[in-house]
Amino acid sequence: MAWPGKDRGWFEREVLPHLSALYQFAVELAGLDDAEDLVQTAVLRAWQRRALARPDRSLRPWLFAILRHEWIDECRRRQRVGRCDNVTEELLLTPLSSDPVALVAQQRNARRVRDALRAIPEAFRWPVYLKDVEGFGYREIAEILGLPIGTVMSRLARGRALLRERLEEVAAESGVAGSRSVVRKRTNGL
């Protein structure tokens, strides 16, 4: 079943509102230098395949899946797998405070979380990113990553545990008193 009239107006209404989230995901996958090109390629591919979009499903996971597949294809074309595992400063940045001291603390904490997330294996990193940063549901993550829902759930649980362990190590290295209990309280909602 397809949407009737998947024309330019449909595309602008249904696809273009997701550009910002697609760009952020592209930065996560490919880095700042290649993110715009990756999004452009993915959006072009979505336009070419618009007949495959299903009205009974959200377009967002479909678009993220296209973006991810384009990234994988690009990595294979360029044979630069090591470069395709970039995570940038923009990952997990919270809304910025107007207080300069608070701003520095926010940026420092965002970097620590980013680095901790980068330290966990990719198989666990992407489910955590897609669920906790992008807000996708289990079924949507399964669709994006091409995995069974049970696998997504177990990788998410394991990824969160690995992230929590890494954040505990970082907190302990930073000399935060009672770091294990603080990290557990703050990451239980992940």
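Trainee: Is E70 buried, partly exposed or exposed?

Mentor: This is a predicted model, so read every value as computed from it. E70 is found in helix α4. Its relative accessibility is 5%. The cut-off for buried is under 20%, so E70 counts as buried.

Trainee: Which residues does E70 touch, leaving out those up to four places away in sequence?

Mentor: E70 and A26 are 44 residues apart in sequence and 10.0 Å apart in space, C-alpha to C-alpha. Contact asks for heavy atoms within 4.5 Å. By that test the partners of E70 are L38, T41, A42, R45 and R77.

Trainee: Step back to the whole chain. How many helices and how many strands does it have?

Mentor: Read the elements from the N terminus on: α-α-α-α-α-α-α-α-α. The count for the protein chain is 9 helices and 0 strands.

Trainee: Now the helix pairs. How are α2 and α3 oriented to each other?

Mentor: Two packed helices are described by the angle between their axes and the distance between the axes. Helix α2 covers residues 19–30 and helix α3 covers residues 32–48. Their axes come within 8 Å and cross at roughly 130°. The two helices are therefore oblique to each other.

Trainee: What is the handedness of that crossing, and how do the contact residues divide by class?

Mentor: α2 passes α3 in a right-handed crossing. From α2 come L19, L22, Y23, A26, V27 and A30; from α3 come L32, D34, A35, E36, L38, V39 and V43. By class, the contact holds 11 nonpolar, no polar and 2 charged residues.

Trainee: V27 is in that list. Is V27 buried or exposed?

Mentor: V27 lies in helix α2. Its C-alpha atom is separated by 9.4 Å from that of V39, 12 residues apart along the chain. The relative accessible area of V27 is 4%, so V27 is buried.

Trainee: How are α4 and α7 oriented to each other?

Mentor: Helix α4 covers residues 59–78 and helix α7 covers residues 138–145. They pack at an angle of about 30°, with their axes 8 Å apart. That angle makes α4 and α7 roughly parallel.

Trainee: How many charged residues does the contact of α4 with α7 have?

Mentor: The crossing is right-handed. α4 supplies P61, W62, F64, A65 and R68, while α7 supplies E140, E143, I144 and L145. Of these, 6 are nonpolar and none is polar, and the charged residues number 3.

Trainee: What about the orientation of α7 and α8?

Mentor: Helix α8 covers residues 149–173. α7 and α8 pack at an angle of about 100°, with their axes 9 Å apart. Therefore they are roughly perpendicular to each other.

Trainee: Which residues make the contact of α7 with α8?

Mentor: By class, the residues divide into 7 nonpolar, no polar and 1 charged. The α7 side is Y138, R139, I141 and A142. The α8 side is I149, V152, M153 and L156.

Trainee: Stay in α8. Which residues is R166 in contact with, neighbours within four places aside?

Mentor: R166 has its place in helix α8. At 25% relative accessibility, R166 counts as partly exposed. Its C-alpha atom is 8.2 Å from that of L117, 49 residues apart along the chain. The contacts are A116, A119 and E173.

Trainee: Last one. Which residues does F124 touch, not counting those up to four places away in sequence?

Mentor: F124 is found in helix α6, residues 122–133. At 21% relative accessibility, F124 counts as partly exposed. The C-alpha atoms of F124 and A157, 33 residues apart along the chain, are separated by 8.5 Å. The residues touched are R155, R158, G159 and L162.

Technical notes:
Residues numbered from 1 in each chain as written. Predicted model: local features only at pLDDT ≥ 70, side-chain atom pairs only at ≥ 80, totals over all residues. Heavy atoms only, no water. Axes fitted to C-alpha atoms, helices over the stretch in contact; angles between N-to-C directions. Helix = DSSP H or I, 4+ residues; strand = E, 2+ residues; numbered from the N terminus. Parallel < 35°, antiparallel > 145°, perpendicular 65-115°, else oblique. Left-handed = near helix turned anticlockwise from the far one by under 90°. Nonpolar A, V, L, I, M, F, W, Y, C, P; charged D, E, K, R; others polar. Buried < 20%, exposed > 50% of the residue type's maximum accessible area, 1.4 Å probe, protein only.
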